[in-house]
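Thanks for coming, everyone. Let me put the structure on the screen, and then we'll walk through it piece by piece.

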Amino acid sequence: MKEYQYHIFAPYRVCPLGAHVDHQHGLVTGFAINKGVDLWWTPSGSPCLGGEEDPLNPPVYGESHVHLESKTFEGVVDFDIDKPSQVREHHWGDYARGAKFALRKRFELKRGITGVIQGSLPVGGLSSSAAVLIAYVMAFAKANDITLQPFEVVKIASEAEREYIGLNNGLLDQACIALGRKNGLLFLDCDSNDWRIIKRNPEMPEFEIGIFFSGLTRSLVNSDYNLRVYECKTAAWNMLAYTEQPLKTFDKTFLRDIPKATFEKTRIAMPARFARRAEHFYSEYRRVRQGVTAWETGNLKLFGKLSFDSCESSIHNYECGSPELIAIYEIMRSLPGVYGGRFSGAGFKGACIALVDPAHKEEIQKVLTEKYLEQFPEYEKTFQVFWVRPDDGARFVDPSNSPA
């Protein structure tokens, strides 16, 4: 069995409140969960554990070379870390190249890695791309003796996804993955980048997180995700123009910078689709504030209701959600033991998440599966239910003898 020197675990994430607002510098919440991406690796130019002559170990590559294999996707990835990133190849290796791209803007990189990566859930909507990027950023930094604080990892990985992969995201995904803690809720202000972990109130009931995978996969870059970002910015531009305020460049324009009172004055004048996007932002800002208070006081019932309300706004104001996701949401909302939930991630295909009373989870899984497949029998072989818990953020696992 191949053995590598280091093992990084980067968890997937779920966001119960704060949907679709991080790119407008809003308020968000989230958990890292106990499923994610594993990256086993060794700095290039040195043999893996077991010795260079061991035929069961990977070959030793030149110091600057990156060689990656995947247990999830076909093919291998090879490039040199000390050379500029070329254009995207639309291949799973783009995420490693993106991590290199963002790190090289700040540091000199001389040493690559030899490794293998694997994801633990075949599910869209949990930000697997952000987890992969964070794992690569941490590995490349370690291999080159670069010390990064957790929020630096967040910013570098987010920059890689925006500028190299081409997804106009905020910091939500990366922050949950890097900063999450198993005993608390991450609360992040995407304007100031202030964040804190709100510890779980001892009076709060037990819960697990259900992940209900519709059976559809999706790519955010090819979905309407980027379009929604532009619509939010256009709404902000409308408000500035109607109130005769100076316009900023599009990349510097955010709904967070415009008071809700301005929106109330101008909403009737702008096209309805832009007003709906802004309405989602301002109402979600209020829901996150209320949700943080509910979490602090252990009121899981109210916290869950706010998550349901968030999903309603996602459907009607933000206008995301496939027929499959909406069906799952409507079914789970009616089931006993479901505190709350919403679409996971951007809400285009993918999955729904729910906070669930563990005593009801078997019945929830049974009834939801039956009702969903009655409507969409074509997903009988791909619809899946997973149960997860909050977990700590991305980290190095015990490096001794981590087998791949």
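Start with strand E9, residues 208–213. E9 is joined to E12 by 5 bridges, and the two run antiparallel. Look at phenylalanine 213: opposite it, in E12, stands glutamine 384. Keep in mind that this is a predicted model.

Now widen the view. In what order do the strands of this open sheet come? The order is E10-E11-E9-E12. That makes 4 strands, with antiparallel pairing. Strand E10, 338–343, and strand E12, 384–388, stand at the edges. Each has a single partner strand, so one side of each has no neighbour in the sheet. From one strand to the next, the twist averages 20 degrees. Helix H8 packs on this sheet. H8 touches E10 and strand E11, which covers 351–356. The direction of H8 makes about 25 degrees with that of E10.

Next, strand E7. Is E7 enclosed or open? Of its 6 residues, 6 are buried, so E7 is largely enclosed by the rest of the structure. Who pairs with E7? Threonine 29 stands opposite phenylalanine 187 in E7. Strand E8, residues 195–199, also pairs with E7, antiparallel, over 5 bridges. Here leucine 186 has isoleucine 197 in E8 as its bridge partner.

E7 and E8 form a hairpin, with 5 residues between the strands. Find asparagine 193 in that loop. Its phi is near 65 degrees, a positive value in a residue other than glycine. Most residues other than glycine have a negative phi. Asparagine 193 is partly exposed, because its relative accessible area is 25%. Glutamate 244 also has a positive phi, near 55 degrees. Glutamate 244 lies in the loop between helix H5, 225–242, and helix H6, 260–266. At a relative accessible area of 75%, glutamate 244 is exposed.

On to the interior. In soluble globular proteins, nonpolar side chains tend to be buried together. The largest nonpolar core here has 126 residues. Which residues have the most contacts inside it? They are Tyr136, Phe140, Ile209 and Ile211. Helix H2, residues 128–143, gives the most to this core, with 13 residues.

Now the rings. A pair of aromatic rings is described by the distance of the centres and the angle of the planes. How many aromatic pairs does the structure hold? It holds 19. Take phenylalanine 101 and tyrosine 164. Their pair is tilted, at 5.7 Å centre to centre and 35 degrees between the planes. This pair links distant parts of the chain, 63 residues apart. Phenylalanine 101 sits in helix H1, residues 94–104, and tyrosine 164 in helix H3, residues 150–165. Phenylalanine 101 is partly exposed, with a relative accessible area of 25%. Tyrosine 164 counts as buried, because its relative accessibility is 9%.

A second example is phenylalanine 308 with tyrosine 329. That pair is edge-to-face: 6.0 Å centre to centre, 70 degrees between the planes. Phenylalanine 308 is in helix H8, residues 300–316, and tyrosine 329 is in helix H9, residues 323–333, so the pair ties together parts 21 residues apart in sequence. Both phenylalanine 308 and tyrosine 329 are buried. There is also a cluster: ring pairs link Phe31, Phe207, Trp295 and Phe303.

Some rings have a lysine over the face. Lysine 71 lies over tryptophan 40, at 5.3 Å from the ring centre. Lysine 142 lies over phenylalanine 396, at 5.9 Å from the ring centre.

Where is asparagine 317? It is found in the loop between H8 and H9. With 18% relative accessibility, asparagine 317 counts as buried. Leaving aside neighbours within four places in sequence, asparagine 317 is in contact with Arg276, Arg277, Glu279 and His280.

Last, lysine 182. This lysine lies in the loop between helix H4, 172–179, and strand E7, 184–189. Again leaving aside neighbours within four places in sequence, lysine 182 is in contact with Pro390, Asp391 and Asp392. Lysine 182 and glutamate 69 are 113 residues apart in sequence and 30 Å apart in space, C-alpha to C-alpha.

Note on methods. Residues numbered from 1 in each chain as written. Predicted model: local features only at pLDDT ≥ 70, side-chain atom pairs only at ≥ 80, totals over all residues. Heavy atoms only, no water. Phe/Tyr/Trp six-rings, centres within 6.5 Å; stacked < 30°, edge-to-face > 60°. Buried < 20%, exposed > 50% of the residue type's maximum accessible area, 1.4 Å probe, protein only. Lys NZ or Arg CZ within 6 Å of the ring centre and 35° of its normal. Contact = heavy atoms within 4.5 Å. Pairing = 2+ DSSP bridges. Axes fitted to C-alpha atoms, helices over the stretch in contact; angles between N-to-C directions. Core = buried A, V, L, I, M, F, W, Y, C linked by side-chain atoms within 4.5 Å.
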